[in-house]
Amino acid sequence: MQKDATTRAALTLGRYAEAVHTPLSTVVVIATYRRPDYMEECLSHLGRQSVAPARIVVVDASPDDLTRDVVEQHPGVEYRRNPRGVGHTATSRAIGLEGAHEEIVAFIDDDAYAEPDWLERLLEPYADPNVAAVGGRARNGQSDEEHQGIGEIGLLLPDGRLTGYFAAAPDRVVVVDHMLGANMSVRSSVVRELGGIRDFYPGTCLREETDIALRMRRRGMRIVYTPFAVVEHVGGRYARGRRFDARYRYFGARNHVVLLATSLGWRDPHVRIYGGTVLRMTRREVVAGLRALKHRDGARARARGLGGGLQRAVVDLVGASAGVVAAVRATVALRRRGSAT
Amino acid sequence: MRLNAYVLAGDPAWIPESIGSYYGLVDRIVVSYDRDGRSWSGAPLSSEQSLARIRAADPDGKVVLLAGNHADPSRFAMHLETEQRQAALDAASEGADWVIQLDTDEIVPSPGVFTRLIARAREHAAEALEFPARVLYARAPSGVFLEQCGRFWGWQAAYPGPIAVQAGTTLSFARQSATAPLYRVDMAPWNTDPAHPRWAPVHEVVHPRDAVLHMSWVRTEAQMTEKSIVSGHAIHRDWTRELRMWRSRARHPFRTAAATPFTRDPVQRYRMTRLPEFADIEP
């Protein structure tokens with residue numbers, strides 16, 4: 001595990017550059033909540049890396065000791081507690097970073113199983129000193145996912161929305177605006193320069209991983225996506241609720257407004273334009289609900305279609321409104337701390 | 001980044017302005033034309049006049065002529081067009097990273113913005129760039145242009161297909177490629193083209209002044225008459241009516257623009273636009 005911690009790791013840079021010796025040392029941080037089985041598998045995969053990290057830190061927000069028991073079975077892996085519990089993934093990331101002296105911080109989810117050359121490939125783009133952060137690919141097991149979204153991976157669109165497509169496999173490293181929290185890394189110096197990781201993203205924690213990326217973007221830093229650093233993202237069970245339920249949608253809308261306003265600043269055009277996007281999305285959902293009255297068969301199906309459309313519209317609007325309030329509070333808190341973003 | 005271009009010769013209108021607008025960006029321009037001077041449907045075409053204009057617009061000898069047999073009245077014109085474009089694109093791909101595929105009545109007003117966005121598309125691993133075009137319909141005697149627009153005279157983009165593609169791309173229909181990942185630019189954060197789905201993604205926004213100018217029907221009476229015969233879409237239109245409307249609208253631009261909010265067809269809505277640099281040019 002520690003074999004390359006203090007020595008230079010020889011990395012082969014494929015077709016993109018000549019082979020170089022890089023002094024990069026890495027700490028891998030894993031934020032977790034009540035997923036001991038997934039954690040065991042995740043750590044097993046990290047133990048088989050072609051380039052080993054200097055340290056692995058597990059930050060556990062669980063109310064029990066099951067994850068601690070798993071971590072103790074892996075000598076050398078550091079165990080830390082997040083006393084704030086569920087809904088504070090960003091805080092877990094920050095706790096994992098405390099005291100880090102390594103040059104690179106890599107984040108991987110507890111339900112993401114790294115390929116043996118994951119870390120080696122993730123570090124390759126750092127050969128370019130202008131690269132501030134590198135995101136990797138997460139296979140989700142869906143058909144044709146490697147081709148979906150090539151050309152628009154990890155973008156902040158002009159209308160304020162984000163694209164994902166972090167399962168896409170283009171034939172080269174590409175420039176992106178943000179990364180997937182399940183498989184991303186950043187230079188420690190950049191995290192320090194930006195004032196650390198912030199936690200304005202409660203509930204489902206959606207967008208928490210995007211915060212630091214957009215702050216980098218605002219400062220003109222370069223973020224890239226490498227399709228060659230691969231994890232298998234198996235999608236563990238949610239701490240509360242289900243993926244894509246109303247709660248998920250609410251926090252998605254809320255946290256997105258907070259993300260744009262606090263990481264880009266209120267004066268950034270994306271913030272204003274996203275307001276218009278929310279109204280358009282609301283209208284789309286209402287229209288979809290009304291169309292269900294015309295196109296669906298049976299009173300029950302019509303009622304469900306209409307109800308679903310209206311519910312989504314209301315959740316989007318309420319979530320975005322709550323986001324504005326939360327963003328104002330976050331901005332005030334940041335100003336008191338002396339950092340605008 | 002090495003850029004080449006290809007054009008199809010056959011439509012002489014606006015050739016010097018079109019080729020001249022991106023001439024400095026490219027190393028080579030492949031000019032594809034029918035050996036017998038026929039359109040896809042077999043009608044006589046002004047190929048010689050087009051070739052003469054292209055030669056006149058080529059001071060540095062970048063043009064490479066590519067003759068072929070592209071007329072076949074028994075086949076669907078758009079399929080013939082696709083084959084002709086593919087042959088030209090394959091020839092233009094040699095020694096290039098990307099290939100510009102503009103028609104000879106399409107003008108790039110801001111070459112710097114255009115190349116920056118090709119580079120951006122490439123940076124994101126896209127293989128084709130959809131860039132907005134402003135469709136100019138007619139020019140009034142006063143020099144004012146009628147331009148396609150939204151219901152309340154807002155900007156409206158049109159996309160004939162990607163106007164720049166990675167070298168070696170396979171075309172599926174005219175300029176379009178079914179397999180090349182797209183990078184799509186518009187004139188607003190939300191899609192402005194009524195032919196695209198309302199939620200079509202917009203990856204980047206350019207100012208309308210940087211959009212391609214498509215001098216669609218900004219032509220002389222004689223050129224319009226020829227277009228009504230040789231156009232790939234000729235058989236789908238009632239050209240007698242279309243030409244009558246075109247003359248009437250060009251004569252009465254204010255009335256045409258005033259009717260826009262009440263016009264149902266989104267490609268029949270017009271605004272008045274001033275483009276002083278093209279107001280007096282003979283197409």
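Colleague: Which residue in S8(B) does B:Leu136 stand opposite?
Modeller: In this predicted model, strand S7 (residues 133-139) of chain B is joined by three bridges to strand S8 (residues 145-148) of chain B, and the two run antiparallel. Across that pairing, the residue in S8(B) that stands opposite B:Leu136 is B:Glu147.

Colleague: Which are the edge strands of the open sheet of five strands in chain B?
Modeller: The sheet has mixed pairing, and its strands follow the order S5-S12-S7-S8-S13. Helix H6 (residues 239-251) of chain B lies across S7, S8 and S13, running at about 85° to S7(B). Pairing on one side only marks the edge strands, which are S5 (106-107) and S13 (270-273) of chain B.

Colleague: Is B:Pro194 buried, partly exposed or exposed?
Modeller: B:Pro194 is found in the loop between strand S10 (182-186) and strand S11 (204-205) of chain B, where it touches B:Gln156, B:Ala157 and B:Pro266, leaving aside residues up to four places away in sequence. Because buried means under 20% relative accessible area and exposed means over 50%, the 39% relative accessibility of B:Pro194 makes this residue partly exposed.

Terms used
Residues numbered from 1 in each chain as written. Chains lettered and ligands numbered in written order. Predicted model: local features only at pLDDT ≥ 70, side-chain atom pairs only at ≥ 80, totals over all residues. Heavy atoms only, no water. Pairing = 2+ DSSP bridges. Helix = DSSP H or I, 4+ residues; strand = E, 2+ residues; numbered from the N terminus. Contact = heavy atoms within 4.5 Å. Axes fitted to C-alpha atoms, helices over the stretch in contact; angles between N-to-C directions. Buried < 20%, exposed > 50% of the residue type's maximum accessible area, 1.4 Å probe, protein only.
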